[in-house]
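Have the structure open beside you as you read.

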Amino acid sequence: MAVPPGLPVVIVGGLHADARRAAVARLLADVPGSVVLHHDLSTAAAGTVVRTVRDASGVLDAGEAPLVNDCACCALREDLVPELERLRDAGATRLAVVELWDSVEPKAMAEVVTAGGLTVTGVITAVDPALVLPYLGNGDDLADAGLAAAATDQRTIADTFARQLEYAPALAVADSPEADEEDRELLAQLHPTARRAPIGEGAPVDRAGDGLTVPTPRRAPLSPLAEAALAGFDVEAAAAAQHPACALLPAEADAHGVSTLVWHRRRPFHPERLYAALEDLTCAAARSRGRFWLADKPDTLFHWDAAGGALCVEGAGPWLASLPDAAWEMVPPVRRAAAALDWHPEHGDRGQHLVFTSPGLDRDGLERLLESCLLTDAEYAAGPDAWQRLPHAFDTLLEV
């Protein structure tokens with residue numbers, strides 16, 4: 001694969017800092033003329049963000065970007081595109097590698113770079129398989145770990161890592177001696193569609209002087225990681241793949257002690273029984289996500305997002321079945337296509353689609369608990385008007 005013209009930009013992120021740095025070093029070694037741009041947000045408490053630009057030989061330039069509204073991430077956004085434009089206009093850079101600071105999420109930065117008129121050719125999250133489960137299980141606040149990107153940052157290590165992992169279409173995977181088959185299987189089930197590139201596998205090298213005659217190619221092939229960096233990236237498609245209405249959720253799987261349960265039902269949840277079961281459901285798996293339907297709120301699609309023993313539930317807009325026909329033209333095509341694939345003659349796109357992934361998952365117990373939260377036959381037969389009179393148990397959680 002040839003490097004495209006202009007200035008290709010690849011974004012490399014991840015809370016696994018050692019793996020991320022190794023992936024960036026691998027790209028510098030494999031793509032001659034590549035340059036890394038990094039904003040260090042750890043200095044934000046002192047009022048600045050430190051920017052460095054380096055290539056394989058070392059630091060080329062360093063400077064400071066002042067905080068914007070006391071927000072380190074805002075400073076990054078303001079400074080990133082001008083720096084990339086400077087590299088582009090200088091004309092000497094073959095690939096710009098944006099190495100994100102630990103807790104910065106790639107989605108926001110990919111959208112910033114694209115909106116600035118530059119071409120993102122890849123988004124990669126670097127991962128150490130041995131650390132996937134410990135990070136997914138870590139419900140500590142980023143602020144307590146010194147990883148907050150702003151004073152108002154309320155994210156946790158687990159939910160931040162989950163989003164970093166699932167947004168990227170490519171994973172740079174460290175060859176960790178501590179990782180076992182269960183660790184690697186967990187990574188595979190969490191993001192089965194990801195392109196996985198080993199960090200330690202560099203570009204093929206022509207060898208001479210070993211008694212063999214080796215033909216020299218006109219262009220050396222790229223390494224798997226460099227191929228992933230230049231594979232192409234669609235910001236809109238990536239965002240759609242994370243929206244609960246049309247997310248590309250994992251499929252059923254069970255291997256090496258890790259299971260993924262896909263639970264799909266057409267009957268709505270009883271709000272009070274589901275609310276009472278939230279803690280048990282949240283703790284049942286290392287990671288769970290999807291969409292669900294509450295009987296007392298028939299027009300709202302709810303997003304389920306759990307990691308690290310914490311659950312985020314929020315409204316994600318209307319079910320398409322609740323919209324008038326004229327409003328459908330305003331809905332993105334990918335959303336309409338996803339609804340059409342799963343359309344029910346009575347309920348439309350309303351339904352439960354939850355996915356739980358974890359080592360040691362109690363699939364039978366989890367299914368029984370989920371089933372117990374649905375409306376009973378008698379409750380279901382009472383109809384939508386009666387459902388509206390059920391206890392509005394989620395109102396406090398949703399701050400309605």
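## Cysteines

A search of the whole structure turns up zero disulfides, where a disulfide is a pair of cysteine sulfur atoms within 2.5 Å. Take C283: the closest cysteine sulfur, in C373, is 14 Å away, so that's too far for a bond. C312 is in no disulfide either, and its nearest cysteine sulfur, that of C283, is 15 Å away.

C283 counts as exposed, at 54% relative accessibility, while C312 is partly exposed, with a relative accessible area of 36%. Here buried means under 20% relative accessible area, exposed means over 50%, and partly exposed is in between (1.4 Å probe, protein chains only).

## About the model

This is a predicted model, so local features need pLDDT of at least 70 and side-chain atom pairs count only at pLDDT 80 or more, while totals for chains, interfaces and linings use all residues. Residues are numbered from 1 along each chain as its sequence is written, and side-chain values use heavy atoms, leaving out hydrogens and water.

## The eight-stranded sheet

Eight strands make an open sheet with mixed pairing, in the order β4-β3-β2-β5-β1-β6-β7-β8. At the edges stand β4 (58–66) and β8 (195–198); each has a single partner strand, so one side of each lacks a neighbour in the sheet. The twist averages 25° from one strand to the next.

Strands are DSSP runs of E, at least two residues, and helices are runs of H or I, at least four, both numbered from the N terminus. Two strands pair if DSSP finds at least two bridges between them. Strands β2 (34–40) and β3 (48–55) pair in the antiparallel sense over five bridges, and L37 sits opposite V53 in β3.

## The six-stranded sheet

Another open sheet has six strands in the order β9-β10-β14-β11-β12-β13, with antiparallel pairing. Strands β11 (287–292) and β12 (300–307) share six bridges in the antiparallel sense, with S288 opposite A306 in β12.

Helix α6 (181–190) lies across β9, β10 (258–265), β11 and β14 (352–359), at about 25° to β10. Axes are lines fitted to C-alpha atoms, for helices over the stretch in contact, and angles run from 0 to 180 degrees between N-to-C directions.

## The nonpolar core

The largest nonpolar core has 58 residues, and I11, L41 and L84 touch the most other members. Such a core is a set of buried Ala, Val, Leu, Ile, Met, Phe, Trp, Tyr and Cys residues joined through side-chain atoms within 4.5 Å. Helix α2 (72–90) gives the largest share, eight residues.

Leaving aside residues up to four places away in sequence, L41 touches partners including V49, L76 and W101; contact means heavy atoms within 4.5 Å.
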